[in-house]
Every structure is written in C-alpha cells, then in structure tokens.
Amino acid sequence: MSCVQTIQDYGLRALGVGERLLPRADITLCEQFTLIGSGLIWNVYFGALALLSGFFLATGLALAKNSRYRLLRKPAEWFIFIFRGSPLFIQFFLAYETFVLLPRSGIEINLFFTEITAETRWLTRAWAGALIVLFLNTAAYSAEIFYGALRSVPKGDVEAAEAYGMTGRVKFRRVVWPTMLRLAWPAYTNEAIFLFHATTLVFFSGFPAWQQRGDALYYANYFADKTFNPFIPYPIVAGYFIALTLCIILVFGAINRRLNRHLDPAARPRLRIRPQIIR
C-alpha cells in the first residue's frame, strides 16, 4: 500500500471516516504519521472549543472577582481557587465518576407536575465530558490572568474615559476591556499553549475512546504496544505538538500585534513563551 493510499484510508479515521480496522502487522512509518495526525484532530477539537468558550467564562469570572459585591466575588474566588488548586488529572477522574454515577436512564425532574427525563450517558464520552473539564479548568486559569490585568488597568485611562462622559458599559467596552486584553495577552498565550498540551491527559483519564476514535496519544500508545518500539510514535506526537505550538504562537502573535497596533513598534510588548511543566 502506498503512502497516498494510506492517507486516504486513515487520514480521517479518528472521525469515523475510512478504514475501520487498525493496522496490526507490517506497520509502516506512514501509517503511524497518518493515524497519529488523525488523532490530533481530537486534541485540536478539545483545545479550540475549551479555549474559545473558556475565554468568555474567564472574562465573567474576572469581572465577578473584581466586583465589590460579595455575592458575586466569593463564588468566583472559590471557583478559581478550586480549579487552580487541584490537579487537572484529578478533575478528569472526579468528573468521569460523577457522570457515571448519574442515573443511566437520566435525571428525572418534576417541573409543574410534569416528569421530564434528561439523558446523561453522553457525558461519559470524551467528546463531551473531557471537553467540559478542560473548559472549566482553562476558564479558572484564564480568569486569574484577566483579573490581574484588570487590576493593572491604568487609573488615568479610566479617569480619561469618565472625563469624556462615557457610561459604565461604554467605558468597559472601549477602554477597560481592550486594555485588559492587551496586558493579559502574553500570559494568556502561554495558557493557550498549555491547554493544548493538556489535552493529551484525556487519554489517561477515565473517558473512553468511542469505537477506537482516540486522540494522538491513543494511536501512539497503540503503535508502541504493537511494534514494541516507543521511540517512533511518541516523538511523532511530540513533533505534531511542536508544530501545533508554533501555529498558536503565530496566531496569538498576530492578535497581540493587533491589540498593540496603536503603540510604537519599539514599545510593543513581545510574547515570551514560558511553557508550564507542571500545573
């Protein structure tokens, strides 16, 4: 089988398109590159959706933590503290056990004397359950980053906006929020990189790969077991994630330049990538 035919057969296998059976004998280098790359689609899915949805939750949490109202501030503080204070792997484990312990037939809710049954088994699958955990985790870390940036917004900028007669909502939209993003973006870029790296933990969590449609590490582990040689599939995974990290740096770098387009080029803050080893 040629490499082109292998790509056609296994390129989208992680999504259920192509050959159903995994190669078992005479495994080629092309098959390993193709299937691991196919599994990377799930890592991008987890990272992109968790990052996008977590961005908006993080903004709300940062505002709530900065609020003078205790009813808003305390829940946000505890949410951020719990998810930043506990390991991500433990969060995966607890979430999976919680979803499994939910009634298999669903949750029964009595609403105006009408019984409603909500199906919950889909939460035990990686595409939903693992995504929820990553979404909540990155929202907590990003919220702390945004909160620090929110506290660092220059008072002169806020006073100038008030002098122009801007209302609270307009002041936040046109002055506070853009400044907060500009200050937080370098640290937020590192959080985005770590989030995509953290998607590999889905393989070690309790969430199963449905019909062998796993992520990149799932296929790397499969090839390592079949060939008894871990020094080929795992470096391939590392290479894919290095390429993914470079793409994230390019995209976030372009956004950073956009956020700081009003500054002199020499005064613009540069992204300093500092990957976290242990969260």
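**Helix packing and aromatic pairs, term by term**

Me: Helix H3 (residues 70-85) and helix H5 (residues 126-151) pack with axes 9 Å apart, at an angle of about 115°. What makes H3 and H5 roughly perpendicular to each other?

Reply: First, the background. This is a predicted model, where local features need pLDDT of at least 70 and side-chain atom pairs pLDDT 80 or more, while totals for chains, interfaces and linings use all residues. Residues are numbered from 1 along each chain as its sequence is written, and side-chain values use heavy atoms, leaving out hydrogens and water. Now the angle. Axes are lines fitted to C-alpha atoms, for helices over the stretch in contact, and angles run from 0 to 180 degrees between N-to-C directions. Under 35 degrees is roughly parallel, over 145 roughly antiparallel, 65 to 115 roughly perpendicular, and the rest oblique. The value is about 115°, so H3 and H5 are roughly perpendicular.

Me: Which residues of H3 and H5 make the contact?

Reply: Contact means heavy atoms within 4.5 Å. H3 brings Phe79, Ile80, Phe83 and Arg84, and H5 brings Leu136, Asn137, Ala140, Tyr141, Ala143 and Glu144. Seven are nonpolar, one is polar and two are charged. Here Ala, Val, Leu, Ile, Met, Phe, Trp, Tyr, Cys and Pro count as nonpolar, Asp, Glu, Lys and Arg as charged, and the others, Gly among them, as polar.

Me: What is the handedness of the crossing of H2 and H10?

Reply: The crossing is right-handed. That term means the near helix is turned clockwise from the far one by less than a right angle, and left-handed means anticlockwise. The contact residues of H2 with H10 are 13 nonpolar, three polar and no charged.

Me: How do you know that the pair of Tyr96 and Phe207 is edge-to-face?

Reply: Rings of Phe, Tyr and Trp (its six-membered ring) pair if their centres lie within 6.5 Å; planes under 30 degrees apart are stacked, over 60 edge-to-face, the rest tilted. The centres of Tyr96 and Phe207 are 5.2 Å apart and the planes stand at 75°, so the pair is edge-to-face. Tyr96 is in helix H4 (residues 88-101), and Phe207 is in the loop between H8 (201-204) and H9 (216-227), 111 residues apart.

Me: What makes Phe207 count as buried?

Reply: Buried means under 20% relative accessible area, exposed over 50%, and partly exposed in between (1.4 Å probe, protein chains only). Phe207 has 4% relative accessibility, so Phe207 is buried.

Me: How many helices and strands does the secondary structure come to?

Reply: There are 10 helices and two strands. Helices (H or I, at least four residues) and strands (E, at least two) are DSSP runs, numbered from the N terminus.
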